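Subject: Structure handover, sheet notes

Hi,

Here is the structure for your files. My notes on its sheets follow below.

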Amino acid sequence: MIRLRRPATAAALALTAVATAVFGLAGPASAHVTVNPKEATQGGYGRFAFRVPNESDTASTTKVEVVLPQNAPVGSVSTMPVPGWTVAVEKRKVNPPIDVHGSQLTEAVSKLTWTAAANAGVKPGEFQEFPVSMGPLPQVDRMVFKVLQTYSDGNVARWIEEPTPGGEEPENPAPVLTLTAASPSAAPSGSAGAAAPAGDDDSDDDSDGAGTAFGVAGLVAGLAGLILGGLAFLRTRREPTPKP
């Protein structure tokens, strides 16, 4: 009997390991706070949402704090109303100032705090999105947002660990927005044509003039042929038919 139980136990452990690897049964670590979309363009504007899932089985999420990265200040940050939640905006001084359409801004948003009203928290098994508009986005490769998620029982989930490129995901990863350089403008191809327009090239003018002259000459020759043909036809009709 012992010999039969040991293989069965080993098989059960093997099946559990496979199920965990394939179906992700190991846990709540994967359901962390994220920013969506996860990619944007440097220098542009965008609408982003911080998606906050509730990982507690008994408590609700009642407060969400999002800290913007100090090394990548953003000139304009605005929030969208979330029913049942209020938002507080904190700012900090920046030096050098941020250039936004010719204006020099000496302050930037440093932290956003959403607080739920009574019975408006994110309940177990639910998630909530907190939309934000930001721009112009800084000239950096990525923005890391550190987030604190407070529950109604007093527990705080700290999503503050910065992921390492190419490394394993940390246990409490911070949301990351990847920024890519703007694509090159199509202006160079258009400017090449504009640099040498047809009107500025003498050879083009000569060829155009010659083509026009040949066209007019051909038209005159065709009209002359039609006139001569018509006169010949009238002449043949007027001449009497010779008798046999």
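Two strands count as paired if DSSP finds at least two bridges between them. Helices (H or I, at least four residues) and strands (E, at least two) are DSSP runs, numbered from the N terminus. This is a predicted model, where local features need pLDDT of at least 70, side-chain atom pairs count only at pLDDT 80 or more, and totals for chains, interfaces and linings use all residues. Residues are numbered from 1 along each chain as its sequence is written, and side-chain values use heavy atoms, with hydrogens and water left out.

First, the three-stranded sheet. It is open, runs in the order β2-β12-β9, and has mixed pairing. The edges are β2 (39-41) and β9 (142-144); each has a single partner strand, so one side of each lacks a neighbour in the sheet. From one strand to the next, the twist averages 25 degrees. Axes here are lines fitted to C-alpha atoms, for helices over the stretch in contact, and angles run from 0 to 180 degrees between N-to-C directions. β9 pairs with β12 (residues 176-180) in the antiparallel sense, over three bridges. In that pairing, L177 in β12 stands opposite M143.

Next, the four-stranded sheet. It is also open, with order β1-β3-β8-β5 and antiparallel pairing. β1 (34-36) and β5 (76-79) are its edges, each with a single partner strand, so one side of each has no neighbour in the sheet. Neighbouring strands are turned by 30 degrees against each other on average, direction ignored. β3 (residues 46-53) and β8 (residues 127-135) pair antiparallel over eight bridges. V52 faces Q128 in β8 across that pairing.

Best wishes
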